[in-house]
Amino acid sequence: AGFFKASVGDDACTACPVNMDSVVVASVTDTDCQCNKGYAGADGGTCQACSAGKFKVDPGAGICTDCETGTYSTAAGATSKDTCTKCSSISSSKTGAGSVTCHCNSGYTGPDLGPCSPCGVGKFKDAPGNGTCTECGAHASSPAGSTEQTSCKCNAGWEGPDGGPCTACASGSYKDDVGDSTCTSCPANAASAAGSDASTDCSCDPGYYSETAGGTCMECPAGSYCPGGTVISPCPGSSSSNAGSSRIADCKCDPGHTGPDGGECSPCAIGTFKPASGPQACTQCPTNSSSPRASIQLTDCTCIAGYTGPDGRACSPCARGEYKNVTGSSECVSCSANSDAPAGSDAISDCQCVAGYSGPDGGACRACAAGTYKPSAGSASCSNTCPANSISEPASDEISDCKCNAGYTRNDGGVCTAC
């Protein structure tokens, strides 16, 4: 085997060409010489080694077979399919079938035959090979190992198609996911900054509040103020505000109270009133009238004791001989008979017995008995008696009321002497 001899005679047999062999004993022609395994060529011709990436398992004139796609081989003259090495799971045959190397798949980068590293988060690579990974556009991101630009999706707070460009959510809207979804408007009466990425970024406008961040915004109730967001604060004591108030200065002192807007409110003092809300000072009641603490209207001003008149109007003093011991609009009361009181009297005890009468202040007055007299008003008794031999009428109020008795006459000294 491996030789042939085409002629008759004693000539020596001729060896088959290199990388060929004859499989027939006593070969008589060079065409019996066939290419060995791993070599290809015509019978009797020249044999060329199978190039890298190919193999040939049988001798003869057959052609070399490509290594399958997904494998590679660097050896020339390969005689077995086992020479074809499988590419890694993240690489592939560089030229398909018959490849002599593997290159990194899309989404990965590195030298031929590796190692191959995945593109980092926020990058992509849309072709196999050793090229560099491309950064996603601004405000977009992609998972590691991304293979195409559309893997770059707009971040939360930004909207746009997959692959970009990405635009910030406008003020008053938000987007809380990654992808091509559009921004969502904040609830009514709420706002957010541009580029907001969560519903909780929607904060209620001043004058409104929500129970939770990003929740439904409700109008601030009367008697409180809401600067925005989830905050609701009651007005300070004795002050109130309209619904929808946003500042503490919107809290104004209630009627009957005074103080600065948003500050401490004090009740109107006794004898003053204030009918409206706000920082105005309390108004003084009319002369000779007064009002309770924290009064809210003019008619709270009532005439003091000793004066009378309608509520909230001018008050006149009780006339002489009258008194009024309560506040308000009631009439003055007359003193009892034979007693008198000065104008503006505010107690029954101001009624005193007139001269010639005696009794307790404010009580019944009795006439001084005959032969006595009382020259002044008040509760004093009729302790003054007429001089000897003289007499006076009941209710006498001075000594001159004492007259000499019958049979007596008054001398130059004013004494009554017998006729």
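C253 and C265 are joined by a disulfide whose sulfur atoms lie 2.0 Å apart, a disulfide being a pair of cysteine sulfur atoms within 2.5 Å. This pair connects distant parts of the chain, with C253 in strand β30 (residues 252-253) and C265 in the loop between β31 and β32 (266-267), 12 residues apart; strands are DSSP runs of E of at least two residues and helices are runs of H or I of at least four residues, numbered from the N terminus. The model is predicted: local features require pLDDT of at least 70 and side-chain atom pairs count only at pLDDT 80 or more, whereas totals for chains, interfaces and linings use all residues. Residues are numbered from 1 along each chain as its sequence is written, and side-chain values use heavy atoms, with hydrogens and water left out.

The link of C253 and C265 is left-handed, with -90° about the S-S bond. Both C253 and C265 are buried, where buried denotes under 20% relative accessible area, exposed over 50%, and partly exposed the range in between (1.4 Å probe, protein chains only). By the distance rule, the count comes to 24 disulfides.

A further disulfide joins C285 to C301, with an S to S distance of 2.0 Å. C285 is located in the loop between β34 (283-284) and β35 (289-290), and C301 in the loop between β35 and β36 (302-303), so that distant parts of the chain, 16 residues apart, are linked. The torsion about the S-S bond of C285 and C301 is about -70°, and the disulfide is therefore left-handed. C285 counts as buried at 8% relative accessibility, and C301 is buried with a relative accessible area of 2%.

C368 and C382 are likewise joined by a disulfide, S to S 1.8 Å. Since C368 lies in the loop between β44 (366-367) and β45 (372-373) and C382 in the loop between β45 and β46, the pair ties together parts that are 14 residues apart in sequence. This disulfide of C368 and C382 is left-handed because its S-S torsion is about -75°. C368 counts as buried at 1% relative accessibility.

Cysteines outside such pairs were also examined. The sulfur of C13 is 10 Å from the closest cysteine sulfur, in C16, which is too far for a bond. C419 is in no disulfide, the nearest cysteine sulfur, that of C404, being 9.1 Å away. C419 is exposed, with a relative accessible area of 81%.

H257 is found in strand β31 (residues 257-258) and counts as buried at 15% relative accessibility. The side chains of H257 and S238 are joined by a polar contact of 3.4 Å, that is, a pair of N or O atoms within 3.5 Å of which, within protein, one must be able to donate a hydrogen and the other to accept it, residues adjacent in sequence counting only if both atoms are side-chain atoms. The H257 side chain also reaches the backbone oxygen of P255 at 3.4 Å. Apart from neighbours within four places in sequence, H257 is in contact (heavy atoms within 4.5 Å) with residues including S238, C265, C268 and K274.

Backbone geometry was considered next. The peptide bond from G114 to P115 is cis, with omega near 5°, and P115 is placed in the loop between β13 (108-109) and β14 (117-118). The bond from G164 to P165 is cis, with omega near 0°; P165 lies in the loop between β19 (158-159) and β20 (167-168).
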